[in-house]
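Good morning, colleagues. Please look at the chain on the screen while I go through its packing and its backbone.

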Amino acid sequence: MKSKNIIVGNWKMNPLSLKEAEKLFADVVKSISDIKKTEIVICAPFVYLEKLKKISKKISLGAQDVFWGEVGAFTGEISAEMLYDIGARYVIVGHSERRAMGENNNDVNKKIKSALSAGLRPILCVGEGMRDENHEYLNFVKIQIEECLNGVSKDSISKIVIAYEPVWAIGKEAPHPATPEEFREMNIFIKKILSDKFGVKEISKVRIIYGGSVDDKNAEGFIKDGKANGFLPGRASLSPEKFSKIVKICEALSK
Ligand code: PGA
């Protein structure tokens, strides 16, 4: 059976209080009550996860980062097992905003392995900083995927979601999102890299989603023409209205 499409809201470092986080989450839950064919995940700041878990089971919870060490002297870090224990089931790894703070493919690789062994599903973010006429960006994304997934077993690959998020399309300063055609090209390219590495059958359940200025206006094209298996919205996930519209578009196009 094919995996459901998946929408992952990345709240980033928002909102500023637990009270606001609970309200936002409850409003999102209310707005998606009819959804059956689409999986919904909210990646909230660490400190809110445990409380949000008590509000609803309809939405899975995820973290926005994880540390690769298992336990011990790692001041300030949070392990995959800790996240699983408080109810998180997904974790974003390798987001460009973390890579900009110094995280590299090797760090992301260790985080993926640690997440998988604790039972968390990693959402691996990849994407080039800019596009070039010689198509070097394709090679950049290929290296990201190969290095980040180095040593991941064939049995585990179906648990990983790949989010293609071109850095030039993320955030409110971004001039424009990618086009569905640009995503489609990358979608095919990523599938080829994965099938060469893990096998066609093994990757049939891997979801490849789009992130980077997704909203209720452009979501449909990415699914219809780009063949996206879902989205990773940032800003739009902070508005229950916009977020639920994206979810409903995805649901309506789900088979
Ligand atoms: P954006 O962020 O939707 O606000 O562009 C996407 C992301 O960084 O995950």
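I shall take the cores, then the helices, then the backbone.

This is a predicted model, in which local features need pLDDT of at least 70 and side-chain atom pairs count only at pLDDT 80 or more, while totals for chains, interfaces and linings use all residues. Residues are numbered from 1 along each chain as its sequence is written, and side-chain values use heavy atoms, with hydrogens and water left out.

In soluble globular proteins, nonpolar side chains tend to be buried together. A nonpolar core here is a set of buried Ala, Val, Leu, Ile, Met, Phe, Trp, Tyr and Cys residues joined through side-chain atoms within 4.5 Å. Buried means under 20% relative accessible area, exposed over 50%, and partly exposed in between, with a 1.4 Å probe and protein chains only. The largest nonpolar core has 68 residues, and Ile112, Leu124, Leu149, Ile162, Ile190 and Leu194 have the most contacts inside it. Helix α7, residues 180-198, gives the most to this core, with 6 residues. Helices (H or I, at least four residues) and strands (E, at least two) are DSSP runs, numbered from the N terminus. A second, separate core of 12 residues includes Val8, Val41, Tyr90 and Ile92.

Let us turn to the helices. In α2, residues 46-53, the buried residues are Tyr48, Leu49 and Leu52. Seen down the axis of α2, these fall within an arc of 120° (taken from the directions from the helix axis to the C-beta atoms), so they line one face of the helix. They pack against α1 (18-31), β3 (60-63) and α3 (80-85), contact meaning heavy atoms within 4.5 Å.

Which residues of α1 meet α9? Leu24, Asp27, Val28 and Ser31 in α1 meet Pro240, Phe243, Ser244 and Lys248 in α9.

Finally, the backbone. The peptide bond from Asn14 to Pro15 is cis, with omega near -15°, and Pro15 is found in the loop between β1 (5-10) and α1. Two residues other than glycine have positive phi: Ser213, near 60°, and Lys227, about 60°. Is Ser213 buried or exposed? Ser213 is buried, at a relative accessible area of 19%, in the loop between β7 (207-210) and α8 (219-224). Lys227, by contrast, counts as partly exposed at 43% relative accessibility, and is found in the loop between α8 and β8 (230-231).
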